[in-house]
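Me: Could you walk me through this structure, please?
Reply: Happy to! Let's take it one question at a time.

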Amino acid sequence: MRCVKCPDKAVIELRRHHSPFCKPHFIEYFENQVERAVRRQGMLSPDDRIMVAVSGGKDSLTLWYVLNRMGYNTTGLHIHLGIGEYSDASYDATLAFAKQHDLEVTTVDLSKTYGMNVPDLSKALRRVACSGCGLSKRYIMNKEAHERGFDVVATGHNLDDEAATLMGNVLHWQMGYLARQAPVLEATTEKLVKKVKPLYTVTERETAAYALLHGIDYVEEECPNAFGAKSLLYKDALNRIELESPGAKHQFLLQFFENARPRLEVGADEHELRDCAICGQATTTEVCAFCRMWQQAKRRVEQKEERRQLREAEAAAPTT
Amino acid sequence: MKVIIRNPKRREVELEGKGWRVQDVLKHLDLNPESVLVMRAGELLTRDEHVKTEDTIEVLSAISGG
Ligand code: SF4
Ligand SMILES: [Zn+2]
Ligand SMILES: [Zn+2]
């Protein structure tokens with residue numbers, strides 16, 4: 001197979017664009033896609049201080065690499081989640097990448113800063129790990145960016161991530177989530193930092209290829225909690241459709257952003273924002289969801305400890 | 001020909017016979033070409049490439065969850 005732009009041999013074929021590309025032309029294509037998304041959606045300005053959320057996986061490291069290459073002023077934010085070997089490997093990959101490319105990185109250790117890692121949090125709440133993890137990541141990202149004076153937070157969500165989220169939201173007709181799903185979320189108050197997803201027009205496969213071609217050393221290992229996740233089911237379903245009808249996946253997502261979502265915004269309930277009574281971050285309720293979750297988790301742990309002490313005391317008491 | 005499927009769970013498969021193309025290998029292993037990348041000696045291969053009996057190819061799933 002030959003490159004669509006030159007006589008060289010192709011290294012990857014993008015059926016959705018009817019285009020096989022050689023290495024240099026694929027890289028050019030990929031970077032153009034990101035640049036166009038950033039420009040069209042007004043994601044970033046040249047003088048913005050950008051916080052890039054980096055997990056150590058292919059998407060976030062590729063995003064960081066590309067933004068840096070485009071000349072943006074970036075700092076990485078890595079959250080150590082305490083999920084066994086996976087988190088250690090992710091931390092190492094992030095720091096090694098930062099060092100190799102001479103980039104600044106800030107790290108937050110969930111357990112050191114908030115008292116529990118993701119597995120403990122999940123056990124205390126008796127909820128799947130992803131719910132506490134996702135909420136914590138979103139909260140910490142915004143808080144760190146706000147407190148450190150960043151203009152925008154960039155995340156590595158790609159076309160497949162967004163299309164899978166859209167599919168989940170449509171299957172359950174989550175109107176509130178649908179209205180809020182977007183490549184750019186503007187800062188609605190001073191405490192909510194702008195969020196952008198510069199990779200939303202490139203697929204996961206394209207991102208992986210870009211990372212491989214640049215020798216980006218990402219964590220191939222998956223979070224153990226990801227197995228069985230609904231997002232994987234949706235991605236698989238979408239890729240089966242894509243195989244039979246190339247371009248279907250990006251049509252599904254991009255047409256939603258262009259045509260469907262703008263109609264949803266009207267009427268989507270706009271709650272008034274106020275400061276969380278505990279942490280001061282912006283929220284629609286008296287205490288924000290993050291603080292409520294941590295309060296509950298800590299209460300559960302305390303109760304468990306009290307019960308344990310009671311049992312111990314009973315066991316130690318002399319029997320008559 | 002040896003096929004190493006790198007992730008999410010690493011496994012190796014030995015395929016007999018000649019005349020395999022990348023797309024036939026994927027079809028045989030029931031892997032979706034939209035979800036994976038195929039490599040030989042660190043180079044990406046398109047679906048029409050022929051794989052020789054003595055070759056080792058690697059399949060990398062591009063899909064991550066979470
Ligand atoms: S899969 Fe779930 S637990 Fe693992 S990092 Fe993602 S959100 Fe967190
Ligand atoms: Zn070319
Ligand atoms: Zn709070």
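Me: What geometry does the site of the zinc ion (ligand 2) have?
Reply: Keep in mind that this is a predicted model. The zinc ion (ligand 2) has four donor atoms, and the angles among them run from 97 to 113°. Four donors count as tetrahedral if all angles lie between 85 and 135 degrees. By that rule the site of the zinc ion (ligand 2) is tetrahedral.

Me: Which residues coordinate the zinc ion (ligand 2), and with what spacing along the chain?
Reply: The coordinating atoms are SG of A:Cys3, A:Cys6 and A:Cys22, plus ND1 of A:His25, at 2.1 to 2.3 Å. Along the chain, the spacing of these donors is C-x2-C-x15-C-x2-H.

Me: How many residues apart in sequence are the parts that A:Cys3 and A:Cys22 tie together?
Reply: A:Cys3 sits in the segment before strand S1 (12–14) of chain A, while A:Cys22 is in the loop between strand S2 (19–21) and helix H1 (23–40). The pair therefore ties together parts whose separation in sequence is 19 residues.

Me: How much area do chain B and chain A bury between them?
Reply: The contact involves 22 residues of chain B and 29 residues of chain A. Carbon and sulfur atoms carry 54% of the buried area. The total between the two chains is about 2300 Å².

Me: How many salt bridges does the rule find across the interface of chain B and chain A?
Reply: One of them joins the side chains of A:Glu13 and B:Arg47, with N to O at 2.5 Å. That falls inside the cut-off, which is within 4 Å. Across the interface of chain B and chain A, the number of salt bridges found is four.

Notes
Residues numbered from 1 in each chain as written. Chains lettered and ligands numbered in written order. Predicted model: local features only at pLDDT ≥ 70, side-chain atom pairs only at ≥ 80, totals over all residues. Heavy atoms only, no water. Contact = heavy atoms within 4.5 Å. Buried area = accessible area lost by both parts, 1.4 Å probe. Donors = N, O, S within 2.8 Å, 3.2 Å for Na, K, Ca; no water. Tetrahedral: all angles 85-135°; square planar, octahedral: opposite > 155°, others 65-115°. Helix = DSSP H or I, 4+ residues; strand = E, 2+ residues; numbered from the N terminus.
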